[in-house]
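Keep the 3D view open while you read.

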Amino acid sequence: MLRFPLTSYLRNTIMTIGLMVFLISCNKDKEGSKLLSYQGKYPDESAQNITITISDSGIVSFVVSTPILNRYASDTVNYTDCPEGITITSYTESGNKQAIITADYASYENNSVYRASKNVVIKDVIKGDTLETEEIIWDQRTRTIYSNALVKQKKADGSVNYGDGFTADERFTKYTIIHPRGEMNGFDF
């Protein structure tokens, strides 16, 4: 039987290659775990590139899409968030787009209300109006969307209004600005 003594150079080379393989495999694990954690929270479920279609009697009401959807569950709290933003499109009963809502963050807690925050933009596709705010809340029980944050409204005619919040129906077909101020058309009253 032949035996070759390992020189320190060969031993160091083999150890370096082994360490590199170990670090590369650990690095891949870290990249995978980035998808599963957000700001130190680890969800029970996580999914990427989600599109949810909500319909009533076969008629599409809403389409919700998000790059990442996380769900957290405990004995007391069920929490879902979309840490990389959300897009919600509402449709009329005839199937036309009514409104498009975008936000940089969204959450849903304990089967009660949905909350969208950070750069929230609501575009009324039919009227051409746009609302900008920092937070909106969608209460499914009352079927309303509302905000208590400052609102900027850009009307289709180019006029701009501001308010201290708004209330709307869930499809955003009718809405009211709270304490409006700015340029107003006489027909807005």
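**The big picture**

Of this protein's 189 residues, 32% count as buried (under 20% relative accessible area; exposed means over 50% and partly exposed is in between, with a 1.4 Å probe and protein chains only). You're looking at a predicted model, where local features need pLDDT of at least 70, side-chain atom pairs count only at pLDDT 80 or more, and totals for chains, interfaces and linings use all residues. Residues are numbered from 1 along each chain as its sequence is written, and side-chain values use heavy atoms, with hydrogens and water left out.

**Secondary structure**

- The protein has 1 helix and 14 strands (DSSP runs numbered from the N terminus: helices are H or I with at least four residues, strands are E with at least two).

**The nonpolar core**

- The largest nonpolar core has 23 residues (a core is a set of buried Ala, Val, Leu, Ile, Met, Phe, Trp, Tyr and Cys residues joined through side-chain atoms within 4.5 Å).
- Elements giving two or more residues to this core include β7 (113-124) and β8 (130-139).
- Ile122, Leu131, Ile136, Phe166 and Phe172 have the most contacts inside the core.
- Leucine 131 is in contact (heavy atoms within 4.5 Å) with residues including Ile122, Phe166, Phe172 and Tyr175, leaving out those up to four places away in sequence.

- Look for aspartate 129 in the loop between β7 and β8.
- Is aspartate 129 buried or exposed? Aspartate 129 counts as buried because its relative accessibility is 6%.
- Valine 60 sits in strand β2, and with a relative accessible area of 30% it is partly exposed.
- Valine 60 and threonine 92 are 32 residues apart along the chain, yet their C-alpha atoms are separated by 8.4 Å.

**The largest pocket**

- Among the residues lining the largest pocket, the closest to its centre are Val64, Ile86, Ile88, Tyr114 and Trp138 (on a 1 Å grid over the protein atoms alone, a pocket is an open set of points where a 1.4 Å probe fits, with protein on both sides within 12 Å along at least five of seven lines; lining residues have an atom within 4 Å of a point).
- Strand β2 gives the largest share of that lining, 5 residues.
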